[in-house]
Amino acid sequence: MASFLSPVPVLAAGGIADINPGLTLWTAITFLVMLAVLAKFAWGPIVKMLAERERSIREAIDSAKKERAEAERLLAAQKESLAKAQREAAELARRNQQEVEVLRQELTAKARKEADDLVAEARRQIAEELVKAKAELKAQVVDLAIDAASRLVKANLDEKAQRALVEEYIAQLPANRAA
């Protein structure tokens, strides 16, 4: 049986500190060529792109600063407008309150005058009615006195008869008033 475990020659590898001059030369040449190609074709566009990016960021920052300043100015203007509107509203409310007070006083004065006029008119009517009532009472008293005198004269009677006549007349008074 043949053995698969036969000795295989192992190539000796160099150590980490071993320098291979051919490999080092080609590595350096490749690096320089690559650096030249990158400098000619890639470095310029990369630097240009970075400069453009830096410029656009700077413009965005400047624009943001301007917009912020404008926003702060607008905010200050809006606050001032709001404060002015509040002052105007307070002044308007104060003027309206004064107008309401003046109107209330005018209406109160007008109502008092109307009430005084009504009281004066009522007193005048009462005075007229009182004068009329006194005149009617006076007329009735005169009529009663004339009626009593005419009865006394008709019946020229003695004291007892006169007394009976007056008592009869007094008894008829409520009946005469109702008629």
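Predicted model: local features only at pLDDT ≥ 70, side-chain atom pairs only at ≥ 80, totals over all residues.
Visitor: Which residue forms a salt bridge with arginine 68?
Guide: Side chains of opposite charge can pair when their charged atoms come close. A salt bridge here is a side-chain nitrogen of Lys or Arg within 4 Å of a carboxyl oxygen of Asp or Glu. For arginine 68 the closest N and O atoms are 3.1 Å apart, and the partner is glutamate 72.

Visitor: In which helix do glutamate 72 and arginine 68 both lie?
Guide: Helices (H or I, at least four residues) and strands (E, at least two) are DSSP runs, numbered from the N terminus. Glutamate 72 and arginine 68 are four residues apart, about one turn of the helix. Both lie in helix H1.

Visitor: What is the N to O distance in the salt bridge of arginine 55 and glutamate 59?
Guide: Arginine 55 and glutamate 59 are separated by about one helical turn because they are four residues apart in helix H1. Arginine 55 is partly exposed at 35%, and glutamate 59 is partly exposed at 43%. Their side chains meet with an N to O distance of 2.5 Å.

Visitor: Which residue is linked with Arg55 and Glu59 in a network of salt bridges?
Guide: A search of the whole structure finds twelve salt bridges. In the network with Arg55 and Glu59, the other residue is Glu52.

Visitor: What is the relative accessibility of phenylalanine 41?
Guide: Phenylalanine 41 is found in helix H1, residues 21–154. The charged end of lysine 40 sits over the ring of phenylalanine 41, 6.0 Å from its centre; for this, NZ of Lys or CZ of Arg must be within 6 Å of the ring centre and within 35 degrees of the ring normal. Phenylalanine 41 counts as exposed because its relative accessibility is 58%.

Visitor: What is the area of the nonpolar surface patch with Phe41?
Guide: Patches are made of residues with over 30% relative accessible area and no salt bridge, joining like charges within 9 Å and nonpolar side chains (Val, Leu, Ile, Met, Phe, Trp, Tyr) within 5 Å. Accessible areas come from the Shrake-Rupley method with a 1.4 Å probe, and for residues only the protein chains shown count as cover. Leu25, Trp26, Ile29, Val33, Val37 and Phe41 make the patch, with an area of about 630 Å².

Visitor: Which UniProt annotation covers residues 27–47?
Guide: The span is 100% helix and 0% strand, with its end C-alpha atoms 26 Å apart. UniProt positions are given in the numbering used here, feature names are shortened, and annotations may be inferred rather than shown by experiment. The unreviewed UniProt entry calls residues 27–47 a "transmembrane region".

Visitor: What distance separates the C-alpha atoms of leucine 173 and leucine 144?
Guide: Leucine 173 lies in helix H2, residues 159–178, and is partly exposed at 22%. Leucine 173 and leucine 144 are 29 residues apart along the chain, and their C-alpha atoms are separated by 9.0 Å.

Notes
Residues numbered from 1 in each chain as written. Heavy atoms only, no water. Buried < 20%, exposed > 50% of the residue type's maximum accessible area, 1.4 Å probe, protein only.
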